[in-house]
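Subject: Structure for you to look at

Dear colleague,

Here is the structure I promised to hand over, with my notes on what was found in it. Please keep it open beside you while you read.

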Amino acid sequence: MNSEQLIAGIEAEIAAKRAEIDKLEIAVAVIERMAKTKRQEAPLFTVRKRVEEKPKGAKPKVTMADARAKIREVLSDGEALTSGEIAERGGLPAKAVWNAVYSMRQNGTIATNDETRRHSLPAAAPEPQAATDAAA
């Protein structure tokens, strides 16, 4: 490679770099222009209005303790019900009922017939004879 070819290669590289620099300078100018216009248009402060109204169709949030209490209340009449029926009668979201029923099944608070998928409160254990004699 002779010196003329070397010089031509370097000049071509310089030209490519200049074109790249020009593109970058244009991009910087555009960004600066956008930043200036946004600064001018932006308000000094914004006021946010707090909306307490719930969207239509939104169900109230239910705690696990509230769901368990409502399930015990609904099942207290002795009738075996499905999770959907419990949710409907108790006015609870179906997911809250399902979660509460699952945990109540695990700790033995309610009994479930696996064939019918109906839940009920377990039968109360009979009182010991000594306790009833002492009460009399």
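A residue is called buried when its relative accessible area is under 20%, exposed when that area is over 50%, and partly exposed in between. Please keep in mind that this is a predicted model.

With that cut-off in hand, we can begin with serine 83, which has a relative accessible area of 18% and therefore counts as buried. Serine 83 belongs to helix 3, which covers residues 83-90. Leaving aside residues up to four places away in sequence, serine 83 touches Val97, Val101 and His119. With histidine 119 there is also a polar contact, made from side chain to side chain at 3.1 Å.

The next topic is charge. Side chains of opposite charge can pair when their charged atoms come close. How many salt bridges does a search of the whole structure find? The search finds four, and I describe some of them here.

In one of them, the side chain of arginine 89 meets that of glutamate 79, with 3.0 Å from N to O. Arginine 89 is in helix 3, whereas glutamate 79 is in the loop between helix 2 (64-75) and helix 3, so this pair ties together parts that lie 10 residues apart in sequence. Both partners are partly exposed, arginine 89 with a relative accessibility of 47% and glutamate 79 with a relative accessible area of 34%.

Another salt bridge joins the side chains of arginine 118 and glutamate 85, at 2.7 Å from N to O. This pair links distant parts of the chain, since arginine 118 sits in strand 2 (residues 118-120) and glutamate 85 in helix 3, 33 residues apart.

Arginine 105, at 36% relative accessibility, counts as partly exposed.

Which residues make a nonpolar surface patch of about 260 Å²? That patch is made by Leu6, Ile10 and Ile14. Of these, isoleucine 10 lies in helix 1, which covers residues 3-41, and isoleucine 10 is partly exposed, with a relative accessible area of 45%.

Notes: Residues numbered from 1 in each chain as written. Predicted model: local features only at pLDDT ≥ 70, side-chain atom pairs only at ≥ 80, totals over all residues. Heavy atoms only, no water. Patch = residues over 30% accessible without salt bridge, like charges linked within 9 Å, V, L, I, M, F, W, Y side chains within 5 Å. Areas by Shrake-Rupley, 256 points an atom, 1.4 Å probe, with all protein chains shown as cover. Helix = DSSP H or I, 4+ residues; strand = E, 2+ residues; numbered from the N terminus. Buried < 20%, exposed > 50% of the residue type's maximum accessible area, 1.4 Å probe, protein only. Polar contact = N/O pair within 3.5 Å; in protein donor to acceptor, adjacent residues only side chain to side chain. Contact = heavy atoms within 4.5 Å.
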